[in-house]
Amino acid sequence: MKKLSFLVVAFTAVAMASCGLKTQPSEASDSDTVCAPLEEPAAEIVELKTEKISVTQKKGCWTYKSEAEYPVDGSEALVAGIRNWISEKLRASENPDETVKAYSGNMDDGKSMLEYYAKEYIAGINFDDYAELPEDMECEMDYTFVIEHETPEFVSFGVQTYWFGGGAHGGTTVACTTFLKSDGRQLGWDMIASKKALRPMIIDGLKKYFEVKTDAELMDNLLLAEEPAAGTPITSIVPYPATTPWFSAEGLVLIYQQYEICSYAAGMPIVVIPWNKLKPLLKPEYQSLIAE
């Protein structure tokens, strides 16, 4: 089973050797995800089962690919929640200002869903925009959906996209969402008791990512939207990731997308809050998700 952590590392290595960019915005940001209060889990949680499906469609210079570990059996709420999440992620258009119409077919037929979005994406391409590309240059849109981490209580599903429409190289996004197995709900920022308490850990994690020790050295690696006022503490400067954090085997993962806080060549900074430090940061109703 492929893991997003591996895919992120592999992409970052490629990014370090690249320059320039023509990328397409994606649906990676889930910052508006809201958690309802956690209720008592069901007495019995049905095991989640998936099947691997994939679709490839090509027209002219463009190739569209998608592959997914698609839920086929489990609790009704969980299966429906993950399927709908996959559908929403696939609604991207070649025009970054638009989304395609949502799939309305039989959600039991995952292949049909993937084929629908492939056709819609290809149909929305204005091929005149790519008429001057070199004859041997191929454009592409790729989606990969995988299970990143799973426990008896929850499952984290991830999606990586890759888009190339000409230029020096393409762009990618990585996002993941954690679903409660008891009722299919998505966990988001609201499971955190205090986002403010995360800030020092985020700063420490970014220093490890950039292999620096001081606040000044970290700031030298960041490209922020606004120049901070002199004397402003770094914990008030570095933003939270736009992408919703998720549970991995190592702990809570926070990831910044390309260009969110640093250059393309610096990759996508990742911060992991280990399990042994995470529990006090969660609201009481979510602390039971952490194994003792």
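Colleague: Taking helices (H or I, at least four residues) and strands (E, at least two) as DSSP runs numbered from the N terminus, which element gives the largest share of the lining of the second largest pocket?

Modeller: That share, 5 residues, comes from strand 9; a pocket is an open set of 1 Å grid points where a 1.4 Å probe fits, with protein on both sides within 12 Å along at least five of seven lines, and lining residues have an atom within 4 Å of a point. This is a predicted model, with local features needing pLDDT of at least 70 and side-chain atom pairs 80 or more, while totals for linings use all residues. Numbering runs from 1 along each chain, and side-chain values use heavy atoms without hydrogens or water.

Colleague: Which residues line that pocket?

Modeller: The lining consists of Met-201, Asp-204, Gly-205, Lys-208, Ile-270, Val-271, Val-272, Ile-273, Pro-274 and Lys-277, and the elements giving two or more residues to it are helix 4 (195–210) and strand 9 (270–274).

Colleague: Switching to the largest nonpolar core, which members touch the most others?

Modeller: Trp-62, Tyr-64, Leu-90 and Met-113 do, out of 37 residues, a core being buried (under 20% relative accessible area) nonpolar residues joined through side-chain atoms within 4.5 Å. Helix 3 (110–123) is among the elements that give two or more residues to this core, and its 6 residues are the largest share.

Colleague: What does Met-113 contact, leaving aside neighbours within four places in sequence?

Modeller: Met-113 is in contact (heavy atoms within 4.5 Å) with Tyr-70, Arg-83, Ile-86, Ser-87, Leu-90, Tyr-103 and Met-107.

Conventions. Buried < 20%, exposed > 50% of the residue type's maximum accessible area, 1.4 Å probe, protein only.
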